[in-house]
Amino acid sequence: MTIRAAIFIQKWYRQHQARREMQKRCNWQIFQNLEYASEQDQAELYKFFNDLIKNMPQAAATGNKYHQNSRISILEEDGELVEEAGDIVSTRIELPITKNDIDRLIDVFRKKKGNRLHPKYVAMILREGARCLKQMPNIVMVSTAVSQQVTVCGDLHGKLDDLLVVLYKNGLPSTSNPYVFNGDFVDRGKKGLEVLLLLLSLYLAFPNSVFLNRGNHEDSVMNARYGFSREVESKYPRNYKQLLLLIDEVYRWLPLGSVLNSRVLIVHGGFSDSTSLDLIKSIDRGKYVSILRPPVTDGEPLDKTEWQQIFDIMWSDPQSMQGCKPNTLRGAGVWFGPDVTETFLKRHRLNYVIRSHECKPNGHEFMHDNKVITIFSASNYYAMGSNKGAYMRLNNQLMPHFVQYISAASQTKRLSFRQRMGIVESSALKELAVRMRDHRDELELEFQKCDPDGSGHITISKWCCVMESVTKLGLPWRLLRDKLAPGTDSQSVNYVTTLDLLDTDVIMEAEADGTTVMDALYANKSSLVTIFNIIDADNSGEITLDEFETAIDLLVAHMPGVYSKEEMLEKCRMMDLNGDGKVDLNEFLEAFRLSDLHRKQQQEEDMRRRSTHRTIQNPSDSVTKLANAISKNTAVVEQDIDPTDCEADAVDPK
């Protein structure tokens with residue numbers, strides 16, 4: 001009996017562990033697929049620009065007139081800054097920045113309230129940082145000859161608490177303690193501006209001990225979509241336009257990568273089978289204010305091969321299979337296999353590559369026979385407890401040593417494993433439901449097609465097929481059925497509960513707080529100006545119907561099935577507000593403004609309509625219970641940052 005009981009317990013425990021592991025992997029897949037699908041939308045802008053230039057080469061040189069004119073003197077002039085209202089601290093920062101200034105900045109930034117520098121000091125740090133970065137080469141040579149070691153950090157994504165944990169555990173930069181920060185300093189997190197300012201200040205205070213690489217999120221087009229532009233505007237509403245221009249200057253002069261001891265390449269994303277470090281070293285990186293927009297060419301022909309080189313090292317990911325192919329998940333860069341890595345390392349006489357760009361559950365990962373190392377430094381990236389962050393130290397023999405950590409550890413210590421998993425799962429479901437709301441009407445239509453009798457129920461297989469065909473997210477829908485259609489039986493799915501979940505307040509409010517591609521495009525008007533200048537092939541300052549028609553052929557290729565060519569031409573005619581048969585820049589921008597305004601009004605009307613519908617026909621108790629759990633588990637409580645509040649463990653690389 002004792003043996004039978006032990007076998008039974010062991011079997012139950014293994015099944016329990018397997019379910020937990022499946023749940024973790026399912027949540028992780030939701031987060032990662034949603035992140036990549038969102039980036040894929042943004043990468044379409046790059047493809048659209050690229051095709052416009054390919055088909056309108058005569059317009060490529062004039063496509064970025066706006067950027068040339070707006071940045072002629074941004075570094076040379078101290079522009080007028082307006083006093084900001086609210087909790088601006090009295091802390092003074094002067095050049096040259098010293099260790100005492102760093103201590104003061106950390107003390108200010110870590111506080112929940114009263115943590116905003118005066119805008120003139122923000123502008124000073126950005127301007128001086130851009131001036132100094134401008135002197136750096138595209139690929140910076142880093143050496144351990146003096147220090148005997150170096151620390152490499154990956155993506156921080158606005159997570160100031162993680163940056164402070166690294167500095168607390170590993171020490172401030174110095175001659176004996178140099179750092180390489182490998183891009184993606186901003187976006188997603190709420191402290192992106194503080195992270196950027198602190199990193200630039202560290203670079204200015206310790207110029208030979210801090211090295212900053214550019215990531216794919218050091219890009220104003222990405223910032224308009226993923227939150228950093230709105231963050232700057234919310235913190236400095238009277239000065240944000242000038243500060244964003246200065247931030248663009250910092251981006252354009254960030255080095256593209258680093259090489260450690262001539263043997264280890266450190267870049268943000270990776271490389272392709274056509275990447276050449278010699279070519280990258282010779283590029284005029286100052287042209288690339290945004291990687292997603294055509295570079296500033298000053299009238300010279302655009303070198304698309306050069307543009308692709310930068311794109312590949314910023315956006316690419318390793319794969320376990322051989323070969324090199326377009327990265328269809330992100331919609332940009334490539335997947336490169338072990339054979340591509342081997343060839344690349346031999347061609348450039350390197351031992352291995354350190355890259356970031358991908359969130360990993362333990363903060364780091366080895367691939368390609370340990371020749372590609374991913375390092376990711378933002379813990380709790382997707383949700384509280386979703387992943388560890390890590391940084392790596394390399395000694396003089398280039399042996400890696402990892403330190404994993406979780407910031408705000410006291411918040412997770414109070415939670416049981418079930419509670420932690422509940423928070424991660426709720427965050428994943430919330431992100432997924434917000435994405436699904438973009439297709440809410442289409443989902444309802446497809447569900448009704450599968451339910452000709454109007455019973456409100458369809459088979460599980462049909463429900464899964466509709467979810468995948470509409471969202472195209474590649475998720476395990478059968479595993480998610482109980483969460484997205486709660487309260488249904490094992491034989492069929494009540495699809496009405498899925499629609500009710502999408503209509504709950506917590507999901508609709510989260511959708512309203514988000515940013516679509518069109519939001520980002522309109523918020524970043526320079527992209528619209530660039531599009532206008534490229535479509536205006538004869539550089540007349542006006543777009544004719546013939547010029548529109550050429551661009552529409554490309555739009556139809558990028559958005560098949562959305563609008564017909566005739567419908568798009570009619571929309572172009574509607575842009576002609578004064579009826580002269582041509583569209584000038586003001587009319588072009590005004591059309592987008594009116595469209596954006598109409599979309600927001602439609603969204604508000606939709607919320608009112610759904611709210612009225614819910615008062616007539618309340619959602620089921622299971623839907624209400626799930627929505628309440630999502631709301632409770634994803635609520636954020638802001639507090640002062642304590643870098644000592646962390647859990648950190650050294651990891652043996654073997």
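**Close-up 1. A six-strand open sheet.** The order in this open sheet of 6 strands is E1-E5-E6-E10-E12-E11, and the pairing is mixed. Everything here comes from a predicted model, where local features need pLDDT of at least 70, side-chain atom pairs count only at pLDDT 80 or more, and totals for chains, interfaces and linings use all residues. Residues are numbered from 1 along each chain as its sequence is written, and side-chain values use heavy atoms, with hydrogens and water left out. Strands (E, at least two residues) and helices (H or I, at least four) are DSSP runs, numbered from the N terminus; two strands pair if DSSP finds at least two bridges between them. Strand E1 (139-142) and E11 sit at the edges with a single partner strand each, so one side of each has no neighbour in the sheet. On average, and ignoring direction, neighbouring strands of this sheet are turned by 20° against each other.

**Close-up 2. The E1 end of that sheet.** E1 pairs with E5 in the parallel sense, over 4 bridges. Look for Ile139, whose bridge partner in E5 is Gly257. Further along, the loop between strand E5 (257-260) and strand E6 (264-266) holds Ser262. Ser262 is not a glycine, yet has a positive phi of about 60°. For context, most residues other than glycine have a negative phi, and most peptide bonds are trans.

**Close-up 3. The E11-E12 hairpin.** Strand E11 (residues 364-367) and strand E12 (residues 372-375) run antiparallel, joined by 4 bridges. Glu365 stands opposite Thr374 in E12. There are 4 residues between the strands of this hairpin, and His368 takes a positive phi near 55°.

**Close-up 4. A three-strand open sheet.** Here 3 strands line up as E7-E9-E8, with mixed pairing. Strand E7 (317-318) and strand E8 (324-326) are the edge strands, each pairing on one side only. E7 and strand E9 (residues 334-336) pair in the parallel sense over 2 bridges, and Asp317 stands opposite Trp335 in E9.

**Close-up 5. H7 against H9.** Helix H7 (residues 192-205) and helix H9 (residues 228-235) pack with their axes 9 Å apart, at an angle of about 90°. Axes are lines fitted to C-alpha atoms, for helices over the stretch in contact, and angles run from 0 to 180 degrees between N-to-C directions. H7 and H9 are therefore roughly perpendicular to each other (angles under 35 degrees count as roughly parallel, over 145 as roughly antiparallel, 65 to 115 as roughly perpendicular and the rest as oblique). Gly192, Leu193, Glu194 and Leu196 of H7 meet Phe228, Glu231, Val232 and Lys235 of H9, where contact means heavy atoms within 4.5 Å. By class, the residues of the H7 contact with H9 are 4 nonpolar, 1 polar and 3 charged (Ala, Val, Leu, Ile, Met, Phe, Trp, Tyr, Cys and Pro count as nonpolar, Asp, Glu, Lys and Arg as charged, and the others, Gly among them, as polar).

**Close-up 6. H5 against H7.** The axes of helix H5 (residues 119-133) and H7 cross at roughly 55° and come within 10 Å. H5 and H7 are therefore oblique to each other. Their crossing is left-handed, meaning that the near helix is turned anticlockwise from the far one by less than a right angle. On the H5 side, contact residues include Val122, Ile125 and Cys132; on the H7 side, they include Leu200 and Tyr203. The H5 contact with H7 has 10 nonpolar, 2 polar and 1 charged residues.

Close-up 7. H4 and H7 cross at roughly 170°, their axes coming within 10 Å. H4 and H7 are therefore roughly antiparallel to each other. H4 contributes Ile102, Leu105, Ile106 and Phe109, while the H7 residues in contact include Leu198 and Ala205. The class tally for H4 with H7 is 8 nonpolar, 1 polar and 1 charged. Pro96 lies in the loop between helix H3 (65-70) and helix H4 (99-109). Leu95 and Pro96 are joined by a cis peptide bond, with omega about -5°.

**Close-up 8. An annotated EF-hand stretch.** The unreviewed UniProt entry carries the annotation "domain: EF-hand" over residues 438-473, 523-558 and 563-598; UniProt positions are given in the numbering used here, feature names are shortened, and annotations may be inferred rather than shown by experiment. Across residues 438-473, the chain is 61% helix and 8% strand, with the end C-alpha atoms 13 Å apart. Lys472 lies in the loop between helix H17 (460-471) and helix H18 (477-484). Phi of Lys472 is positive, near 55°.
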